[in-house]
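Hello,

Here is the structure we spoke about. Please open it alongside this note; my findings follow below.

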Amino acid sequence: MQVATFLDPVALALVGGGTMLAALLRTPAHDLVRSVKALRTLPRHPFTAEPLLHQIAAQGRIAHRHGVMALDRSVITDPDVAAGLAAVVDGATPAGVAALLSHRSHKRMERHAAAADVWAAAAETAPAMGMIGTLIGLAAMFASMTDPAAIGGAMAVALLATLYGALLANLVALPIAHRLRAAARTEAFERARLAEPLAALAHREAPKSLSGTRIAA
């Protein structure tokens, strides 16, 4: 049995094209773009907060030696840490810093969930598209009963469409959705570790910031 036996462009177009069309119709454009960009994260190692915790500790030492305003000159690539340190520089309370990070975490979880939902929806749609392809193939087969040469091609579409739908759902879309959700849960858990040291830094530096404001006044 050759691999070419299982290749049919018509069945593939029906299942793949139908699944993509369904995704386009049911999903906002920005979520579709996000779901495609999320594929870049699949080969990466699970997110860990350890480097960011070391960076926060280093920023704390800088603030202790040179004052909290020195943090403005630091180059921070992580958006959560950068936002937290900016809040500390602005004199935010520990509760304010924690609330800021919590808000950013919820927004990130919503974005990750939206990307995973696109692939989960594709996993639900693909078998239905396979069934539609099967019905189309059967209709074409019955319509060409007087032409034996056309029956084989129509039957191939009918059978392979169901196969493609099952493979696309269970070997592509569903694994991607599961891995994106697992990565999102890991990142959310790890990023929750950033709130405490940033809040502690805000607690330590807030009185200095307030006193500096009083002196300037």
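A helix crossing is left-handed if the near helix is turned anticlockwise from the far one by less than a right angle, and right-handed if clockwise. By that rule, the crossing of α1 and α5 is right-handed. Bear in mind that this is a predicted model.

**The helix pair**

Helix α1 covers residues 9-26, and helix α5 covers residues 94-143. Their axes are 8 Å apart, and the packing angle is about 135 degrees. Angles over 145 degrees would count as roughly antiparallel, and 65 to 115 as roughly perpendicular. So α1 is oblique to α5.

Which residues in α1 meet α5? They are Leu 14, Val 15, Gly 18, Thr 19, Ala 22 and Arg 26. On the α5 side are Ala 121, Ala 122, Glu 124, Thr 125, Ala 126, Met 129, Gly 130, Gly 133 and Ile 136. By class, this contact has eight nonpolar, five polar and two charged residues.

**Asp 78**

Now to a loop residue. Asp 78 sits between α3 (50-66) and α4 (79-89). Is Asp 78 buried or exposed? Its relative accessible area is 9%, and the cut-off for buried is under 20%, so Asp 78 is buried.

The Asp 78 side chain has two polar partners to look at. The side chain of Arg 191 makes a polar contact with the side chain of Asp 78, at 2.8 Å. The backbone nitrogen of Asp 80 lies 3.1 Å from a polar atom of the Asp 78 side chain. Setting aside neighbours within four places in sequence, Asp 78 is in contact with Leu 52 and Arg 191.

Best wishes

Definitions and conventions. Residues numbered from 1 in each chain as written. Predicted model: local features only at pLDDT ≥ 70, side-chain atom pairs only at ≥ 80, totals over all residues. Heavy atoms only, no water. Helix = DSSP H or I, 4+ residues; strand = E, 2+ residues; numbered from the N terminus. Buried < 20%, exposed > 50% of the residue type's maximum accessible area, 1.4 Å probe, protein only. Polar contact = N/O pair within 3.5 Å; in protein donor to acceptor, adjacent residues only side chain to side chain. Contact = heavy atoms within 4.5 Å. Axes fitted to C-alpha atoms, helices over the stretch in contact; angles between N-to-C directions. Parallel < 35°, antiparallel > 145°, perpendicular 65-115°, else oblique. Nonpolar A, V, L, I, M, F, W, Y, C, P; charged D, E, K, R; others polar.
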